[in-house]
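Welcome! Take a look at the structure first, then read on.

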Amino acid sequence: MKVSKPTKTRAKPLSPGEKSPAAAGLRQRKRQQTRERLKRAAMALFLERGFEATTIDDIATAADVSRRSFFHYFVSKEDVVAAWQEDAAAALVAEILARPADESMLTAAENAIAAAVKRIDPTEAAAMSRLKRDNPALQARDQLKYEKLERALADGLAQRSGRKSDRLKARLVAMIATGAMRVGGESWLSEGPRDKPEAFVKRTFDAIREILG
């Protein structure tokens, strides 16, 4: 009996200009690293010099890229702040999805927020909040941030539940949690901030539960 030899599969040749998956992945990682470097440099300069006093050239120089390269990643200085906020929102949704299934939506939101704020430097967070408060353009972006955050939280809570009947509940809890972050954050700043952010999160949600009865 004649045994046929196994057929060798040849890799499909790349078309001109097409990059291999490995090369494409490396390029994407480098882009992400450059974006993060720009973001960190910008936030450090904003906190050190103030938003208005920091130029795009300053940010590009601090991140060791050209001014032209800056615009490959961000449209404006305001866009850098928005990106910082969006990354924080994405991390918060990831925390919600990781919460145990036996937690209620409100408890999952509280614990996810507490876990997320533990990674934030309180001094830096306070300085960033003052920066946004004192700049009209950043204030407008901040309002948009909370609207996006509420939608992201609602999607995360609904995804965690997996039941269509819970979508309204997810939206309501997301609205409450987002309001808690906004009001709680403002109160935390106005008081000093003396407490650790996660301790203030607990106080805020305890107040919510007392109101809800």
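The second largest pocket of this predicted model is lined by Ala-101, Glu-103, Ser-104, Met-105, Arg-160, Ser-161, Arg-163, Asp-166 and Lys-169. Its volume is about 160 Å³.

**The largest pocket**
- The largest pocket has a volume of about 1400 Å³.
- A total of 44 residues line the largest pocket, and Trp-84, Ile-120, Ser-129, Lys-132 and Lys-145 are the ones nearest its centre.
- Helices H1 (21-49), H4, H5 (105-117), H6 (122-133), H7, H8 (167-190) and H9 (197-212) each give two or more residues to this lining.
- H8 supplies the largest share of the lining, with nine residues.
- In the lining of the largest pocket, 23 residues are nonpolar, 14 are charged and seven are polar.

**How H4 and H7 pack**
- Helix H4 spans residues 77-97 and helix H7 spans residues 136-161; the two pack with their axes 9 Å apart, at an angle of about 20 degrees.
- Angles under 35 degrees count as roughly parallel, and H4 and H7 are therefore roughly parallel to each other.
- The crossing of H4 past H7 is right-handed.
- The residues of the contact of H4 with H7 comprise 13 nonpolar, eight charged and three polar ones.

Terms used: Residues numbered from 1 in each chain as written. Predicted model: local features only at pLDDT ≥ 70, side-chain atom pairs only at ≥ 80, totals over all residues. Heavy atoms only, no water. Axes fitted to C-alpha atoms, helices over the stretch in contact; angles between N-to-C directions. Helix = DSSP H or I, 4+ residues; strand = E, 2+ residues; numbered from the N terminus. Parallel < 35°, antiparallel > 145°, perpendicular 65-115°, else oblique. Left-handed = near helix turned anticlockwise from the far one by under 90°. Nonpolar A, V, L, I, M, F, W, Y, C, P; charged D, E, K, R; others polar. 1 Å grid on protein atoms, 1.4 Å probe; cavity = no way out; pocket = protein on both sides within 12 Å on 5 of 7 lines; lining within 4 Å. Points joined across faces, edges and corners; volume = space filled by probe spheres on them.
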